Amino acid sequence: MRHAQSPLWSECALRCATSFQARRFVRFHGLCPESIVSRHRIAPRQFLATLPLFADLSPEQLDLLAQATIELHVPRGRVVVERGESCSGLHTVIYGDVKLSIVSSEGEEKVVELIGPGQSFGEAPLFMERPYMTQAETLADSMLLHISKHAIHAQIERNPGFSRRLLASMSRRLHGLISDVESYTLRSGSQRIVSYLLKDDPPQGAQVTLAARKKMIASRLSLSPEYFSRVLHDMARRGMVGIAGRSITILDIERLRAYEG
């Protein structure tokens, strides 16, 4: 039995809507061709060539991937894939942001990961031949490229460098999840917030832009939104950071590193 698909597909734009590949994609997701919104066609090969994951591919290999690529323009707040949905390929983000999360039957949400430009999602269900374990939802108007799993599998067979990059991507994600478990079990809430602000080693005076709303970041860190905001404002009151919307200025990095709440 096929899982119900998200309402996204009725409003997103699919590249080359009249091509065989796009028609097959539309049929798979149970759509009528009339529900597709046509947009100006792009050259997906140019976008693929800029992504680190595909840096080792030759022009000919990029052309093959491009032929199996569908362009998605997704409005903010739309579900790209549902938890439990079968995986038909790999998604990469060209611009915008995507939230991977798990929603309980009571409606409570746990943000697992935030995916930004140049990053991808769907590797695990793609290779394990299992449904998605998380829901993917856009946090901003986004452009995604969907690459069919058959094209990905073909490149793995032909290109060892591509295989290594995929393994590296999945290893980084696994390392990040292990770091999360360590943080949740061994660090206090305030220490998690400090680690988040300093994860990219910003210098004194640098501005750190929150990747999403504070509520999303709090869920990512397994904290309540109220606690997250309270700690940030306490840091600001003590002169460690400056806060302007989602922009956090590091004013005293040494005191911030030692902050215990």
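Which helices and strands each supply at least two residues of the lining of the largest pocket? In this predicted model, local features need pLDDT of at least 70 and side-chain atom pairs count only at pLDDT 80 or more, while totals for chains, interfaces and linings use all residues. Residues are numbered from 1 along each chain as its sequence is written, and side-chain values use heavy atoms, with hydrogens and water left out.

The contributors are S5, helix H6 (160-186), helix H7 (189-197), S9 and H8; helices (H or I, at least four residues) and strands (E, at least two) are DSSP runs numbered from the N terminus. H6 gives the largest share of this lining, 12 residues. By class, the lining holds 15 nonpolar, 10 polar and 12 charged residues.

Next comes the sheet. Here 4 strands form an open sheet in the order S2-S7-S4-S5, with antiparallel pairing; two strands pair if DSSP finds at least two bridges between them. Its edge strands, each pairing on one side only, are strand S2 (79-81) and strand S5 (109-115). S2 and strand S7 (residues 135-138) run antiparallel and are joined by 2 bridges. Val79 has Glu137 as its bridge partner in S7.

Ala212 lies in the loop between strand S9 (207-209) and helix H8 (214-220). Why does Ala212 count as buried? Its relative accessible area is 2%, and buried means under 20%, exposed over 50%, and partly exposed in between (1.4 Å probe, protein chains only). Leaving aside residues up to four places away in sequence, Ala212 touches Leu114, Leu139, Ile217 and Arg246, where contact means heavy atoms within 4.5 Å.

Technical notes:
Ala, Val, Leu, Ile, Met, Phe, Trp, Tyr, Cys and Pro count as nonpolar, Asp, Glu, Lys and Arg as charged, and the others, Gly among them, as polar.
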